[in-house]
Amino acid sequence: MPLHFELVTPARLVLSEEVHQVVVPGTEGEFGVLEGHAPFTSTVKDGVIRVWRSENGHPEEIPVKGGFAEVSAKGLTVLAEHVG
Amino acid sequence: MASLKELKLRINSVKSTQKITKAKQMVAAAKLRKAQAAAEAARPYATRLADVVGSLASRVTLSESSPRLLAGTGKDQVHLLVVANSDRGLCGAFNSNIVKAAKLKAHELTAQGKTVVFYLVGRKGRVPIRRDFPKAIIGSFDTTTVREAGFTEAEAIAQELLALYDAGKFDIAHLFFGKFRSALVQEPTVQQIVPVPAPKAAVSDGAVVQYEPDEETILAELLPRYLRTQIFGALLENAASEQGASMTAMDNATRNAGELIKKLTIQYNRSRQAAITTELVEIIAGAEAL
């Protein structure tokens, strides 16, 4: 089952797609989000978000700064002030 | 009556003015499209952040330990007016409308016995505000060095404001900018930015949300970010409004110049004909006298 993942910066919507898994560097430790994750909100420290598009593929790495992640029934949304 | 030569020069001068206003109108139209797109692209982030801050703020009860950005300083003596203007003119009454709104608010607050200080963004607001409140300007931000104000600028402005707030230079801050309604309508708008007015909480779906770290820590971190986003949004609105106002103003100017040219041309042709007639009469009169 895919997970809906959105990466948003103040200037634009960077990414909005269905992915397999995303690993986010939370302030209190990295956490992976798969489909059906419980509602969860966390700040994100400066680091790299890893996005798996498929189960066996290689992760795509996206560096972010000043971030904030929210998991809801609609999927995962990461708000970051700077991307890349 | 102006001489033929003078008229000709006048017509040419108005023609070149018209060329300039027409060019500026087209530039503004192109820039407006870009500025509007930028304002639209910034919306998802702003709404999401407002949602989150809203739902967090509704969970946290205000207490001594609450972040000062949300709870305020407990006083409302010193008001800071942040006035965002554009750097360039040729945009009709856009800047003066914003300044007018700010001055109105300032006079109102002074009448209530409050202290008013200003923080200016952009070049065009400086002179008229300094004229009325020469000592009240405690800071300004120069946007002339960048092509268009972006998030970096909003960040810098927010940081300066937060530093002033922490230093106790003001208790409440309002932001003045031109809200973009359409190319024809820009509304000077006031918005309170400090203490942060908690946005309305989105309707929660009933699910229990876990927070990491706890609500208050997240909120403390999100509030400055929310402030930055608000300022960023205002800058974008301002940019779009400026171009819209400029487009309308230049459209009017071009039309006026066209009318003036028409009038002058008629006047020019009349005097030319009069001169020819006089000359003919003189020749005929001379020939008859022989």
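Visitor: Which helix makes up the largest share of the lining of the largest pocket?

Guide: H7(B), with seven residues. The model is predicted, local features need pLDDT of at least 70, side-chain atom pairs count only at 80 or more, and totals for chains, interfaces and linings use all residues. Residues are numbered from 1 along each chain, chains are lettered from A and ligands numbered from 1 as written, and side-chain values use heavy atoms, without hydrogens and water.

Visitor: What makes a residue part of that lining?

Guide: An atom within 4 Å of a pocket point; a pocket is an open set of points on a 1 Å grid over the protein atoms alone, where a 1.4 Å probe fits, with protein on both sides within 12 Å along at least five of seven lines. Here 27 residues qualify, those closest to the centre being Arg147(B), Glu148(B), Ala149(B), Ala239(B) and Glu242(B). The pocket holds about 740 Å³.

Visitor: Why is the meeting of Arg48(B) and Glu6(A) called a salt bridge?

Guide: The term requires a side-chain nitrogen of Lys or Arg within 4 Å of a carboxyl oxygen of Asp or Glu. These side chains meet at 2.7 Å, N to O, so the pair qualifies. Chain B and chain A have three salt bridges between them.

Visitor: How do you know that E1(A) and E2(A) pair?

Guide: Pairing takes at least two DSSP bridges. Six join E1 (residues 3-8) to E2 (residues 13-19) of chain A, therefore they pair, and they run antiparallel. Val8(A) has Leu13(A) as its bridge partner, and four residues lie between the strands of this hairpin.

Conventions
Helix = DSSP H or I, 4+ residues; strand = E, 2+ residues; numbered from the N terminus. Points joined across faces, edges and corners; volume = space filled by probe spheres on them.
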